[in-house]
Amino acid sequence: MKRNSWLVAVLVGALYAVLPGAAAAQVANVGTIEVIVEDTDGGRLPGVTVTATAPDTVTKRTAVTDGQGVATLDALAPSAQYTIVAELSGFQNQTVNKVLVRSGQTASLRVTLSIAGLTEAVTVTAATPIVDVKSATAGQDITLQLTESLPTGRSYQSYLQLVPGVLPDDQTTSGNPAARSGMNYSDIGGNFGVSSDNVYYFDAINVTDPVTGTFGANLNTEIIQEQKVITGGIPAEYVGSPGLISNVVTKSGSNAFHGSANYFFQNSSLVAENDHGASQEFSTKDNGYTLGGPIYRDKAWFFGSYRYVNREDDVATLDTNEFMRSVDNTQHQGFAKGTWAATQNDLLSFTYLSDPTEITGRRDRDITNARDRGQDQGGHRYAGNYSRVWGSTLLEVAANKHNGEVSQKSAIREASVTALFRQTDPRALTDQQLGGFGQDLINQRDNIGVMATLQHTIGAHTIKGGFNWDKHINFRDTLYVGSATYTSLAARYAGAGIRAADIPGGSWSGLDFDVSNTSDFNGFIRTIDGRPDRARFYAALDLNGDGVITSAEAGQAIVFNTVGQLGTVNYDRTFQAATGPQETSSKGVSFFAQDQVTFNRLTLNVGLRAERWEHFATTGENIYTFDWMWAPRLSAVYDLMGDGRHKVSAYWGRYYDPIRNNMTNFAGTLTGSILEEQIYVLGDWVTYRTRGGPAVQDAFFSPTTKTPYTDDLQIGYGVDLGHNMSFDALYFNRRTRDILEDYDLELYAEPHGYSDDPNGYLAPDSLFLGYNYFGYAANPGSNFVIGTLAGGERNFQGLEFVFRKRFADNWQLLSSYNWNDGEGNTNSDSNADFQGDVLFLDPRAPYQYGTQPGLIKHILKGAGSYTFNMGLQLGATFSWNSGTVASRTFLASGRNLPIRVAPADAYTFGGTTQRWLAPDAVGSLENPSWGQLDLRAQYVKGFGTTNVEFFVDLFNVLNNQDPVRNQDLVAGSGATAFGDPIQWVQPRRAFLGARFRF
């Protein structure tokens with residue numbers, strides 16, 4: 001049955017390749033070799049037949065040198081084992097072995113032919129071309145030869161840590177590291193180490209989660225042929241990204257049968273004592289299999305893989321270190337690929353990939369059993385690719401479908417109750433997190449689309465163009481356990497007379513309804529104005545009897561004393577008024593054209609990319625179409641010595657950051673589940689905001705909304721040092737503008753909402769925007785509008801130095817140093833945060849501009865290995881960073897917001913009196929610096945065409961267990977006070993493995 005299921009998978013992949021609803025993304029899976037053929041006197045030789053083949057790929061290319069003695073071999077799969085044969089009648093044939101081809105790059109190779117004599121052929125081993133003197137693209141190709149010699153996390157996400165400039169992962173939720181100007185911080189939870197600005201591909205299948213912008217799929221690392229990571233200088237043929245672009249190119253079958261079987265193992269007995277979580281026991285089992293070979297020699301090949309991964313963890317609380325639960329994570333990763341060479345110039349492939357994963361709970365130590373939930377994730381991907389080479393023209397067509405899932409189910413079948421405490425009152429996390437997680441959520445995230453590119457070389461010009469069509473679909477079905485989730489005051493405050501005005505002061509462990517927040521307060525007033533018992537509320541809340549309830553009056557008159565859920569005091573809840581499934585979507589189309597032209601030593605790449613996205617509501621109607629965005633990309637690369645070894649480069653380009661489906665959901669959830677945010681007043685739950693449903697749309701895209709963009713300026717120098725060594729130096733400067741946010745129009749477009757002073761909005765430094773800024777004449781009637789954040793900006797610059805020695809003479813090394821600087825006045829990143837809802841967080845407000853949270857100023861890395869002749873290989877990685885910048889924060893609606901001045905210190909700015917940000921809030925903290933040394937020892941024993949390998953990885957050899965993050969909430973969390981460590985370097989641990997290859 002399994003054999004038949006793989007066949008079905010391949011056939012389904014072929015079907016998707018021809019269906020009109022399939023899709024793919026533009027990204028290079030192949031590379032190029034430019035062969036310059038000369039005679040012994042240095043004269044160029046036309047008419048030379050040049051052929052490229054490699055034993056681990058199925059691509060074979062033949063070209064003839066032109067009048068300049070140049071033959072270009074396009075569409076070559078990545079490999080370090082290419083053999084180049086140059087043949088011309090009357091000359092000795094020359095064979096060059098071990099030529100390296102990297103995806104998206106051009107390897108320049110010089111070959112010299114001698115007049116035929118007694119020796120008819122010459123065979124040499126190439127000094128691998130290291131520097132691409134025609135490209136300004138920054139990044140690294142991560143090869144199996146590198147990763148399989150180093151202590152790594154056995155995932156393509158962990159391999160990103162080898163790339164220069166990539167920031168450290170989150171210690172518990174790894175796999176989405178930040179790079180360059182990609183955000184490394186989120187107000188939600190105050191987390192760093194998780195970026196939503198990267199783009200992830202498998203064989204040109206876009207597997208980026210369209211909702212979160214994080215990776216959306218996993219695979220067996222045994223199937224990786226090459227992982228190309230681009231961090232800057234991105235030409236027009238690629239989508240742009242403020243972070244990094246990762247493309248995994250998978251293996252294909254060849255004319256020889258080959259495969260592997262492995263077993264990797266780790267458990268807590270191989271781990272040093274954890275100084276900060278002694279009861280956290282765990283074990284990991286990881287075994288996988290691959291098999292590839294010919295279906296019909298020289299014509300058709302197959303490659304397949306299966307991997308089973310299981311991890312079991314015991315989790316202890318962060319604040320008290322008490323055992324809470326065991327968590328089981330089981331993954332099944334399948335892969336099948338069929339390749340057919342219809343002719344030497346026509347190649348067709350079909351791919352199937354799956355990664356269903358079941359996780360029984362959360363490993364986060366600040367999530368108690370009350371908040372625990374299981375998770376189902378993963379899905380199926382199908383792709384078809386066709387390429388044709390004829391003469392100097394290359395055509396590529398691809399189609400794919402990607403399915404991803406991130407569904408959750410509450411472990412405890414009770415409503416969620418979060419208990420709030422005063423900053424000074426002792427409590428533990430278990431006192432704050434009561435009830436259950438409170439939600440069951442089915443969440444499917446799919447990508448589909450098609451692409452095509454055409455490249456033609458004429459003279460010194462390589463002209464390339466193409467198009468891409470994508471569709472992102474998000475299906476959701478949410479059910480609240482007990483119909484509501486609650487934020488309450490802890491039971492100890494019953495009868496204490498806590499007023500609504502007391503909680504926003506910043507001295508409480510959390511905040512939901514904020515009586516001083518215009519959106520919250522005005523929504524509350526609208527509701528009571530529409531109630532039949534309106535008079536009862538006005539009698540109690542209109543303290544001066546003038547017929548108007550002010551926020552100050554409500555703050556004094558609303559008192560929370562009623563005991564409700566689990567003995568806590570009623571304060572705020574989210575009530576699910578209706579249930580039902582919801583599906584939103586977005587569609588994007590892009591075109592690009594670029595010309596790479598070489599004038600002697602100078603190569604210019606001039607390109608233009610055009611992109612447009614449409615967004616669709618749960619009703620299927622179009623809710624917004626963004627304008628066409630035009631992204632110019634320009635680079636100049638100069639071969640300093642004319643020998644293909646030294647280059648200087650300059651680049652400028654614009655990257656657009658298309659709006660993700662989380663914002664489509666915000667503006668387009670018009671059917672299905674309806675949520676009402678409510679405050680408890682005078683014995684009733686009173687709705688102050690409705691989310692979802694047709695009655696009140698949660699948000700509109702305002703007519704003037706623009707697509708966020710980043711401008712990238714890059715200047716670089718690269719040199720091939722010989723002996724497979726290279727050095728690169730790079731400066732980059734990035735400016736991010738037109739940042740997206742949601743706005744409360746009653747605050748920013750209504751004079752009475754902006755300030756108690758009727759003329760406050762007219763002040764010279766006013767933050768008031770008016771309806772015209774958003775393209776409206778009046779309020780459209782939604783809770784919020786999505787718009788371009790006025791004055792929002794982020795500015796990054798940095799230096800990067802990289803030394804790389806590719807494997808030769810038994811050793812290899814990749815080392816780097818990065819200096820980074822980042823400032824700005826917003827960390828919004830398509831997440832509907834608090835900017836736009838409150839004036840004190842406006843980008844133009846006092847003390848908002850500063851060092852960006854998440855910045856790491858200094859990063860040092862090294863990774864290398866040495867292979868001894870007896871089969872022993874030693875590898876090591878080292879990393880150090882200067883610590884992550886953070887802000888002093890308070891918690892509001894699950895977000896860590898910069899602290900404000902005390903109520904007594906409120907002052908007037910921009911025509912309104914506010915508790916503006918404290919001068920030492922934004923970017924004022926720097927977490928401790930830390931580093932880690934990891935080692936690997938591996939022994940390989942060969943038996944003919946088979947190898948048996950044994951290895952041990954030792955992570956954190958020095959067992960420093962240094963803190964990497966301190967508590968930034970001034971009120972603390974649970975028993976963890978402000979400034980206390982909450983994350984540490986994981987203790988020293990060993991990882992054992994064995995592999996059989998043939």
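In the hairpin formed by strand 27 and strand 28, two residues stand between the strands, and Gly 459 takes a positive phi near 60°. The model is a predicted one.

Strand 27 (residues 439-458) and strand 28 (residues 461-480) run antiparallel and are joined by 20 bridges. Leu 441 belongs to strand 27, and its bridge partner in strand 28 is Thr 478. Apart from neighbours within four places in sequence, Leu 441 is in contact with Ser 407, Gln 408, Arg 476, Asp 477 and Thr 478. Between the C-alpha atoms of Leu 441 and Ser 507, which are 66 residues apart along the chain, the separation is 33 Å.

Strand 28 also runs antiparallel to strand 33 (residues 582-599), with 16 bridges joining the two. Asp 470 stands opposite Gly 588 of strand 33.

**A nonpolar surface patch**

Phe 467, Phe 591, Leu 608, Trp 628 and Trp 630 make up a nonpolar patch on the surface; together they have about 480 Å² of accessible area. Trp 628 is found in the loop between strand 35 (622-625) and strand 36 (629-639). With a relative accessible area of 32%, Trp 628 is partly exposed.

Six strands form an open sheet with mixed pairing, in the order 26-25-29-32-38-39. Strand 26 (433-435) and strand 39 (684-691) each have a single partner strand and stand at the edges, so one side of each has no neighbour in the sheet. On average, neighbouring strands of this sheet are turned by 25° against each other, direction ignored. Helix 5 (residues 518-529) packs on the sheet and touches strand 38 (674-681) and strand 39; the direction of helix 5 makes about 120° with that of strand 39.

Within the sheet, strand 29 (residues 484-489) pairs with strand 32 (residues 569-578) in the antiparallel sense, over five bridges. Leu 489 has Val 569 in strand 32 as its bridge partner.

**Helix 8**

Helix 8 (residues 661-668) is mostly covered, with seven of its eight residues buried. Those buried residues are Asn 661, Met 663, Thr 664, Asn 665, Phe 666, Ala 667 and Gly 668.

**Salt bridges**

Side chains of opposite charge can pair when their charged atoms come close. The count for this model comes to 45 salt bridges.

| Pair | N to O distance |
|---|---|
| Arg 311 and Asp 313 | 2.7 Å |
| Asp 711 and Arg 654 | 2.7 Å |
| Glu 949 and Arg 997 | 2.6 Å |

In the pair of Arg 311 and Asp 313, Arg 311 counts as partly exposed at 22% relative accessibility. Asp 313 has a relative accessible area of 7% and is buried, because buried means under 20%.

The side chains of Asp 711 and Arg 654 meet in a salt bridge. This pair links distant parts of the chain: Asp 711 lies in strand 41 (residues 709-722) and Arg 654 in strand 37 (residues 646-656), 57 residues apart. Asp 711 counts as buried at 15% relative accessibility.

Glu 949 and Arg 997 also meet through their side chains. Glu 949 is in strand 57 (residues 946-955) and Arg 997 in strand 60 (residues 989-997), so the pair ties together parts 48 residues apart in sequence. Glu 949 counts as buried at 6% relative accessibility. Both Glu 949 and Arg 997 belong to a network of salt bridges that also links Glu 148, Glu 222 and Arg 995.

Terms used: Residues numbered from 1 in each chain as written. Predicted model: local features only at pLDDT ≥ 70, side-chain atom pairs only at ≥ 80, totals over all residues. Heavy atoms only, no water. Buried < 20%, exposed > 50% of the residue type's maximum accessible area, 1.4 Å probe, protein only. Helix = DSSP H or I, 4+ residues; strand = E, 2+ residues; numbered from the N terminus. Pairing = 2+ DSSP bridges. Axes fitted to C-alpha atoms, helices over the stretch in contact; angles between N-to-C directions. Contact = heavy atoms within 4.5 Å. Patch = residues over 30% accessible without salt bridge, like charges linked within 9 Å, V, L, I, M, F, W, Y side chains within 5 Å. Areas by Shrake-Rupley, 256 points an atom, 1.4 Å probe, with all protein chains shown as cover. Salt bridge = Lys/Arg side-chain N within 4 Å of Asp/Glu carboxyl O.
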